[in-house]
Amino acid sequence: MSPSIIERFMPLFTPKTVAVIGASTKGGALPNTFIRRIREFGFSGAIYPIHPSAAEIDGLKAYKSLAETPQPVDYAYIAIAAGQISALLSAANGRVRFAQVISSGFGEVDEGKGLQEEVAAAARAGGMRLIGPNCLGIYTPRGRVTFTEIGPKETGPVGIISQSGGLGTDIIRRGMGRGLRFSGLVTVGNCADVSPSDLLEFYLADSETRVIGMYIETAQDGRRLFEILRAANASKPVVILKGGRTRLGLMAAASHTGSLGGDDRAWVALSRQTGCILVDTLDQFIDALLMFQTLTPQPQRPTRRTVLFGNGGGTSVLATDFFARLGLDVTPFGADTVAALAALKLPPGTSITNPVDCPVGTLQQEDGRVAEKILDLIYASGRPEALVMHLNLAAFVGRTRPEVLDNLVAAALRVQSHYPGQAHFALVLRSDGEPSLEERKREFRARAVALGIPVFDEMVNAGRALAALQAHERFLHDRSG
Amino acid sequence: MNVISEARRHNRRALDEQAGKALLAEFGVAVPQSAMVAGVGEVDQKTKSLTFPVVVKVMSPDILHKSDAGGVKIGLKSAAEVESAIRTMMQHPAIAAARIDGFLIEEMAPPGLEMVIGGVRDPQFGPLVMVGLGGIFVEVLADVSFRICPITRLDAQQMLAELKGAAILKGARGRKAVSQEAIIEVLLQVGGENGLLMQHAADIAEADINPLIVSESGAVAVDARFILS
């Protein structure tokens with residue numbers, strides 16, 4: 001029996017031995033930085049610098065070729081001149097499992113296309129899988145290997161494949177602040193051998209991974225991507241950030257990863273047929289991944305009826321419009337619910353139909369406990385599929401004690417726990433960018449994220465992410481006999 | 001007979017209308033009853049099995065747009081009318097100068113809604129199937145939906161549902177509803193698991209059934225064009 005996808009790719013995510021090619025005896029080269037980063041990240045396996053003449057690099061014993069390392073190499077990080085790489089790989093004699101070529105100057109430029117084929121052939125002949133070229137590296141917290149300066153140390157549920165290295169860094173750094181935690185991130189560059197589809201197969205089978213995100217410019221094996229996604233039948237949500245969806249974007253992608261992309265119509269079809277979620281921006285990508293990381297899809301009751309609860313009348317109206325365009329109904333409550341809310345005798349200025357607009361004065365009553373009563377009534381009587389609580393932090397400044405914000409979220413969570421699985425709960429923390437407010441937002445977001453609540457910057461972000469969740473739920477719903 | 005290898009043997013880059021319809025019929029798509037004649041002499045005999053009115057179309061590898069060249073005449077009620085139509089056609093300069101394979105005589109499809117079903121080969125994803133409402137809907141408004149082959153019945157249903165003009169299928173503006181089931185059948189015959197585009201994925205660069213005329217009860221491929229890869 002041939003080894004499973006997990007057996008084949010796990011050594012990439014949990015390497016025991018790492019070879020580094022291109023580090024300098026004087027330090028300062030990118031591979032030296034890589035050595036420092038994986039040591040700081042807690043990599044405990046063997047690191048083998050490969051160097052034609054040096055005996056030692058960064059305090060580690062160096063070897064002349066990949067054939068001379070004490071143990072076979074699970075992962076080789078290669079950043080030397082493009083022209084020297086095939087010889088390096090040929091010398092490995094089948095002792096390397098994964099070689100990631102960081103160097104550029106291959107298929108993304110005309111004169112490098114032949115060289116890329118040569119390197120791919122050398123990798124095949126040497127029995128190894130090639131990742132890249134023209135990429136930045138891998139980030140795998142479970143293996144304690146990273147190409148980035150910072151990134152969460154703990155393993156999470158989000159598996160990423162990125163055809164762009166720089167964007168891969170953005171996803172880790174920005175995602176980290178938002179609360180994303182990863183099962184891995186692989187930058188795949190020109191995909192001379194290992195393709196996004198290979199890694200997609202791994203993440204689909206990997207027990208750590210619950211959500212998959214892909215940044216794709218071109219899928220040379222689009223047919224296989226389609227077949228894998230269709231067979232998976234949306235068992236895990238897959239969010240695709242597709243670059244090159246317009247004619248000019250395609251031209252930019254051709255010079256970035258060196259291959260021509262297909263028709264946008266095919267990508268739209270792919271998403272309709274397989275349930276993968278297509279997004280257009282990095283923000284939407286991170287927002288959708290965060291939504292899937294934190295909330296459990298409810299395919300038996302796809303999200304539609306949404307309650308907006310927070311301070312800001314205009315914000316509520318605009319959000320109602322925006323959500324409606326996405327197919328999320330912010331429908332006014334029925335007479336029963338309105339009557340029950342009216343019985344609470346809330347201060348004037350409070351709107352008790354959906355959207356529920358509560359000025360700060362209302363929200364801070366009884367240190368936020370009034371909000372709990374309101375939310376309880378909404379859940380019991382309004383029965384929404386989603387509740388988005390939005391707080392304009394600027395409106396609280398100088399008027400309330402800081403605990404009010406905490407109390408509000410705590411109240412929402414208590415209500416949430418009384419009605420398990422009934423409604424998705426998301427939080428929007430709006431700020432005007434003023435430094436002290438941003439600081440409070442950051443602290444507050446961290447606390448919310450720790451409780452498993454997805455936090456968004458604006459209503460539109462929450463709306464789009466909720467629409468992604470809805471699309472996933474509907475896909476499963478429509479296909480559940 | 002394999003119409004594709006036949007066309008390749010004659011170095012043709014496309015299937016002519018008759019061959020295209022034969023290919024569709026092989027996959028179960030309804031096409032009009034027809035007869036092919038070399039010239040006026042065969043008309044009387046060959047139209048005996050057809051129900052009038054009929055349409056006559058010139059068949060020539062040199063003529064791409066038959067209507068523009070004066071090579072299509074509709075609503076002919078008798079063999080005599082067909083003969084006269086063929087004689088008139090042969091006077092047209094574009095037709096007189098062309099290599100003529102013959103003349104295709106077809107029964108007229110019952111009236112209905114004009115739809116378009118097409119196929120195109122994507123370099124990364126392989127065959128895609130397309131559906132749209134005919135006329136200005138497809139040409140001007142580009143109101144079409146695509147799927148990657150092979151499609152399922154649910155895919156086909158969703159393709160129709162996502163057309164902006166979907167309401168027209170249900171009989172908007174006092175018209176009768178057309179058979180969506182019939183359109184879905186043709187979509188599956190063309191783009192389904194064992195459909196035409198999957199079976200001939202390597203050979204077909206583009207396919208175009210335009211129009212597919214859909215009535216309350218069925219759908220007929222009235223014209224078809226296949227470009228070989």
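Helices in this report are DSSP runs of H or I with at least four residues, and they are numbered from the N terminus. In this predicted model, Gln18(B) lies in helix H2 of chain B, which covers residues 17-26. Gln18(B) has 19 other C-beta atoms within 10 Å and therefore counts as partly exposed, because burial is assigned at 20 or more such atoms. When neighbours within four places in sequence are left aside, the contacts of Gln18(B) are Met36(B), Met59(B) and Leu104(B). The C-alpha atom of Gln18(B) is 9.9 Å from that of Val31(B), a residue 13 positions away along the chain.

**Chain A as a whole**

Chain A contains 17 helices and 18 strands. For its 481 residues, a compact globule would have a radius of gyration near 23 Å, and the value of 25 Å for chain A agrees with this. Along the principal axes, the C-alpha atoms of chain A fill a box of roughly 80 × 45 × 45 Å. Of the residues of chain A, 52% count as buried; among its contacts between residues at least 6 apart in sequence, 76% join residues at least 24 apart.

**Domains of chain A**

The domain assignment divides chain A as follows.

| Domain of chain A | Residues |
|---|---|
| domain 1 | 5-131 |
| domain 2 | 138-294 |
| domain 3 | 306-478 |

Taken over C-alpha atoms, the centres of domain 2 and domain 3 of chain A are separated by 30 Å. Their contact involves 14 residues from domain 2 of chain A and 15 residues from domain 3 of chain A. On the domain 2 side, helix H10 of chain A (residues 282-294) provides the largest share, with eight residues.

**A parallel sheet**

Five strands of chain A form an open sheet in the order S2-S1-S5-S6-S7, with parallel pairing. Strand S2 (46-50) and strand S7 (129-131) of chain A are at the edges, and each has a single partner strand, so one side of each is left without a neighbour in the sheet. From one strand to the next, the twist averages 20 degrees. Strand S6 of chain A (residues 96-101) pairs with S7(A) in the parallel sense over three bridges, and within S7(A) the residue Ile131(A) is the bridge partner of Gln100(A).

In soluble globular proteins, nonpolar side chains tend to be buried together. In this model, the largest nonpolar core has 194 residues, and those with the most contacts inside it are Ala76(A) and Leu187(B). Helix H17 of chain A (residues 459-478) gives the most to this core, contributing nine residues. Residues up to four places away in sequence not being counted, Ala76(A) touches Ala19(A), Ile21(A), Leu66(A), Val96(A), Phe98(A), Ala99(A) and Gln100(A). A second, separate core has 18 residues, among them Val37(B), Val58(B), Leu76(B) and Ile95(B).

**Contact between the chains**

How many residues of chain A are in contact with chain B? There are 14 such residues in chain A, and they meet 12 residues of chain B. Helix H7 (222-232) and helix H9 (264-274) of chain A each supply at least two residues of the side that touches chain B, and the largest share of that side, six residues, comes from H9(A).

How values were computed: Residues are numbered from 1 along each chain as its sequence is written. Chains are lettered from A and ligands numbered from 1 in the order in which they are written. This is a predicted model: local features need pLDDT of at least 70, side-chain atom pairs count only at pLDDT 80 or more; totals for chains, interfaces and linings use all residues. Two strands pair if DSSP finds at least two bridges between them. Axes are lines fitted to C-alpha atoms, for helices over the stretch in contact, and angles run from 0 to 180 degrees between N-to-C directions. A nonpolar core is a set of buried Ala, Val, Leu, Ile, Met, Phe, Trp, Tyr and Cys residues joined through C-beta atoms within 7 Å. A residue is buried if 20 or more other C-beta atoms lie within 10 Å of its own, exposed if 12 or fewer, and partly exposed in between; C-beta atoms are placed from the backbone. Two residues are in contact if their C-beta atoms, placed from the backbone, lie within 7 Å. The radius of gyration is taken over C-alpha atoms; the globule rule is 2.2 Å times the number of residues to the power 0.38. Domain bounds come from an automatic or database domain assignment.
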